[in-house]
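User: I am new to this structure. Please walk me through a few of its features in short questions and answers.

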Amino acid sequence: MAGEVHPFEGRNQDAQAGDGSRRLAAVLAADMVGFSRLMRADEEGTLARLKRLRRELIDPSIAEHHGRIVKTTGDGMLAVFDSPVEAVRCAVVVQQSMVGRNAALAREQWIQFRVGINLGDIIIDADGDVYGDGVNIAARLETLAEPGGINISGGVYEQIKHKLVCGYQSLGDRKVKNITDPVPVYRVLPDPAAVRRAHGVRRVTAAAVVILLICAVSGAWYLWSKGFIPGAREEIAAATRKAVPLPAAPPAAAPAPASAPPAAASAPPTPAPSPPKPAITEPVLVPILGGSFAMGSNDDPTEKPVHRVTLAPFAIGKYPVTVGQWKECAAAKACAAPVAGGDDEPAANLSWDDAQRYVKWLAAETNRNYRLPSEAEWEYAARGGTETKWWWGNQLKDGVANCRGCGEPYDPKRPTKVGSFAANPFGLYDMGGGVDEWVADCWHEDYRGAPVDGSAWAEGDCTARVLRGGSWKSDPSYLRSSSRDQYDARVRYPTHGFRVARSD
């Protein structure tokens with residue numbers, strides 16, 4: 001290996017040089033389990049696989065979750081994130097994606113990572129090296145993690161416990177070298193298998209299984225259904241593909257002699273009647289006359305600059321799409337994502353791609369121009385003609401929306417059924433809280449250059465799409481009419497749903 005450069009060696013060329021100042025960050029430390037063993041078994045192949053993982057999975061995932069790699073080693077790396085939520089989301093995506101990549105391989109060929117995440121002080125010097133207690137603790141958490149596992153500090157746990165629908169196992173306080181106080185350590189349990197390993201099957205309740213399945217789907221299902229990691233699905237398919245013989249064609253009937261009198265034709269069997277097509281429950285729409293409004297706010301940089309938008313008339317769903325309506329699409333084999341809950345609850349755990357499949361199916365079945373609303377249409381409809389932070393005013397009120405901190409009724413495990421709270425002035429329900437709602441637009445960090453005609457902004461970072469409205473697990477600030485968020489369009493998340501719109 002003399003003279004060789006491992007794919008994880010050297011500093012990341014994109015890492016920003018620091019000025020030596022101290023800052024708070026979520027630090028993700030990761031290393032590869034059994035690196036030396038894999039290199040001894042197949043040096044060239046292992047290097048090629050690591051390069052591909054870096055190019056197709058690790059670097060894109062970190063970038064899409066707003067992090068950056070600040071240091072790499074022979075078999076690991078350090079990355080920093082402004083948000084501990086995004087750091088853990090990124091770790092779950094990577095670890096669940098590795099499960100898919102390893103599925104068709106012999107166990108001794110598996111590549112697995114250990115991940116530790118801590119929220120703490122760091123210093124990045126002019127050479128790009130990163131120091132500080134935040135780094136030390138993250139590195140220690142990584143060494144304590146199981147292969148394929150994620151360990152987080154107590155500080156990270158407090159930040160994410162109500163924001164990510166995963167299980168967590170307390171590992172107690174651990175003494176960390178060069179750190180005075182013991183560090184509370186938690187293990188992230190992204191799926192039921194992890195819970196069984198941690199607690200034993202008998203301690204897992206049915207409700208816990210449902211919640212953890214949701215988390216597992218949000219991190220892993222997209223790999224199989226969408227092929228997010230280029231080439232991964234093809235590799236797995238190639239390893240498991242079996243030849244299936246085509247059925248032989250039936251022999252052709254011998255023609256009757258030309259001179260033979262025609263045989264008495266027997267009546268062909270009457271074909272069985274086709275089963276009636278299931279009725280479709282079209283979403284109830286509310287017509288919006290259109291008009292002009294000031295879009296955005298000065299409350300957050302992503303909502304600036306405030307700009308005037310003029311919209312043509314359109315119609316938008318009175319409620320978010322429900323579980324019952326989604327099941328109709330699933331029964332027609334047009335929608336594949338599993339959803340849980342009662343038929344009158346909002347459909348959740350859906351990606352932007354899932355929402356697109358539904359509106360295309362609905363448009364085809366009804367011959368109507370169903371689509372997702374644009375971000376401008378959504379905000380105009382959510383405001384209901386108001387200019388306040390929430391459609392009901394500038395002060396929080398209990399009992400007007402479904403969120404964490406909005407008062408009763410509230411269930412931390414699931415949203416309330418649609419229409420449980422008062423409608424806004426346009427007669428629309430749940431335009432804040434319930435589920436985060438996908439809209440048509442690609443994500444942009446702010447509104448500079450945004451359309452002013454109400455159309456969807458279809459340029460920019462279209463791997464990420466815009467979400468509006470907040471969810472039942474959000475705090476009230478996310479329910480503001482101007483609040484906006486984004487997520488990977490291909491990835492499902494337990495609080496994400498949508499409502500439909502139409503222009504005809």
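User: How many bridges join β1 to strand β3?

Analyst: This is a predicted model: local features need pLDDT of at least 70, side-chain atom pairs count only at pLDDT 80 or more, and totals for chains, interfaces and linings use all residues. Residues are numbered from 1 along each chain as its sequence is written, and side-chain values use heavy atoms, with hydrogens and water left out. Strand β3 covers residues 76–81 and runs antiparallel to β1; strands are DSSP runs (E, at least two residues), numbered from the N terminus, and two strands pair if DSSP finds at least two bridges between them. The number of bridges joining β1 to β3 is 6.

User: Which residue is the bridge partner of M32 in β4?

Analyst: β1 also runs antiparallel to strand β4 (residues 113–124), with 11 bridges. In β4, M32 is partnered by F113.

User: How many of the 11 residues of strand β1 are buried?

Analyst: Buried means under 20% relative accessible area, exposed over 50%, and partly exposed in between (1.4 Å probe, protein chains only). Strand β1 spans residues 22–32 and is mostly covered. The buried count is 8.

User: At roughly what angle do the axes of helix α2 and helix α3 cross?

Analyst: Helices are DSSP runs too (H or I, at least four residues). Axes are lines fitted to C-alpha atoms, for helices over the stretch in contact, and angles run from 0 to 180 degrees between N-to-C directions. Helix α2 covers residues 43–64 and helix α3 residues 84–102, and their axes come within 10 Å. The crossing angle is roughly 145 degrees.

User: Why does C90 count as buried?

Analyst: C90 belongs to the α3 side of the contact with α2, where contact means heavy atoms within 4.5 Å. C90 is buried because its relative accessible area is 1%.

User: Which strands are at the edges of the open sheet of 4 strands?

Analyst: The strand order is β16-β15-β14-β17, with mixed pairing. Each edge strand pairs on one side only. The edges are β16 (484–488) and β17 (496–498).
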